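I opened this notebook to keep track of what I look up in a structure that is new to me.

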Amino acid sequence: MATGRTHRPATRSRGIPEATVARLPLYLRALTALSERSVPTVSSEELAAAAGVNSAKLRKDFSYLGSYGTRGVGYDVEYLVYQISRELGLTQDWPVVIVGIGNLGAALANYGGFASRGFRVAALIDADPAMAGKPVAGMPVQHSDELEKIIKDNGVSIGVIATPAGAAQQVCERLVAAGVTSILNFAPTVLTVPDGVDVRKVDLSIELQILAFHEQRKAGEEPSPDGAAPAAAARKETTDQGPDGDVPAVMPA
């Protein structure tokens with residue numbers, strides 16, 4: 001079985017822009033929903049609406065994948081599901097470790113969307129000795145003393161940090177030293193990593209603060225610079241959605 005250690009997605013080497021990569025999971029989610037309804041083809045306009053982007057941007061994004069659709073027919077749904085899954089590296093097994101099994105870490109461990117998207121939770125790790133052996137989401141929690149061995153034994157290249165802020169940098173450094181090259185950070189702090197390591201940060205409090213700003217604007221408490229009423233654009237949803245609807249909207253692409 002292939003693992004994340006030996007197989008990397010080809011998007012960067014093929015020159016696909018990061019903004020396009022960030023939208024691919026949105027297209028995949030919409031296409032998966034169509035596939036589950038046995039819809040064979042979809043137009044760029046329909047798919048763009050389902051993904052929350054404009055159709056011109058969608059067609060441009062798909063041109064990077066070499067998919068242009070068929071005039072009068074649209075895009076083949078099943079082929080696009082496969083093509084985007086391949087570009088995102090989801091046609092192989094990606095073992096993931098979650099470090100920090102508090103409330104958030106346990107919630108992530110119980111999230112069912114990982115397996116259906118090509119990610120396998122290989123281990124749950126926590127520094128609290130009282131947590132060792134405790135079952136969470138059907139898996140025993142392992143002590144952080146075993147972190148390096150766990151990463152090596154499972155060929156892990158993706159780590160999820162759900163620790164308190166004060167412990168996150170040290171955990172990050174241990175993950176990187178052990179061979180992890182991609183990190184999803186839920187800790188409310190900025191991580192310092194060497195070149196070649198990718199970090200995606202999820203900070204729910206920041207997202208809520210942004211929403212509070214827009215709520216204030218909608219209430220008319222903060223007029224626009226020209227004195228006019230708050231722009232209608234402020235009423236639109238301001239966060240991107242992740243590959244699954246029941247994951248925080250700020251989940252990574």
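**Ground rules.** I am working with a predicted model, in which local features need pLDDT of at least 70 and side-chain atom pairs count only at pLDDT 80 or more, while totals for chains, interfaces and linings use all residues. I number residues from 1 along each chain as its sequence is written, and side-chain values use heavy atoms, with hydrogens and water left out.

**Sheet.** I took helices (H or I, at least four residues) and strands (E, at least two) as DSSP runs, numbered from the N terminus, and I counted two strands as paired if DSSP finds at least two bridges between them. I found seven strands in an open sheet of mixed pairing, in the order β5-β6-β4-β3-β7-β8-β9. Its edges are β5 (135-136) and β9 (198-201), each of which pairs on one side only. I then looked at β4 (residues 119-126) and β6 (residues 139-143), which pair in the parallel sense over three bridges, and noted that Ile125 has Gln142 in β6 as its bridge partner.

**Helices on the sheet.** For angles I used axes, which are lines fitted to C-alpha atoms (for helices over the stretch in contact), with angles running from 0 to 180 degrees between N-to-C directions. Helix α7 (residues 147-154) lies across β3 (94-99), β4 and β6, at about 165° to β4, and helix α8 (residues 165-178) lies across β3, β7 (158-161) and β8 (182-185), at about 170° to β7.

**α1 and α3.** I saw that α1 (residues 18-36) packs on α3 (residues 55-65) at about 105°, with the axes 11 Å apart. The two are therefore roughly perpendicular, a term covering angles of 65 to 115 degrees. Their contact (heavy atoms within 4.5 Å) includes Leu24 and Tyr27 of α1 and Leu58 and Phe62 of α3.

**α2.** Which residues of helix α2 are buried? With buried meaning under 20% relative accessible area and exposed over 50% (1.4 Å probe, protein chains only), I listed Ser44, Leu47, Ala48 and Ala51 in α2 (residues 44-51). They cover an arc of only 100° around the axis, which puts them on the same side of α2; the arc is taken from the directions from the helix axis to the C-beta atoms. The face turned away from that buried side carries the exposed Glu46 and Ala49. Just after α2, Gly52 takes a positive phi of about 80°.

The C-alpha atoms of Val190 and Lys201 are separated by 8.0 Å, with the two residues eleven apart along the chain.

Note on methods
Angles under 35 degrees count as roughly parallel, over 145 as roughly antiparallel, 65 to 115 as roughly perpendicular and the rest as oblique.
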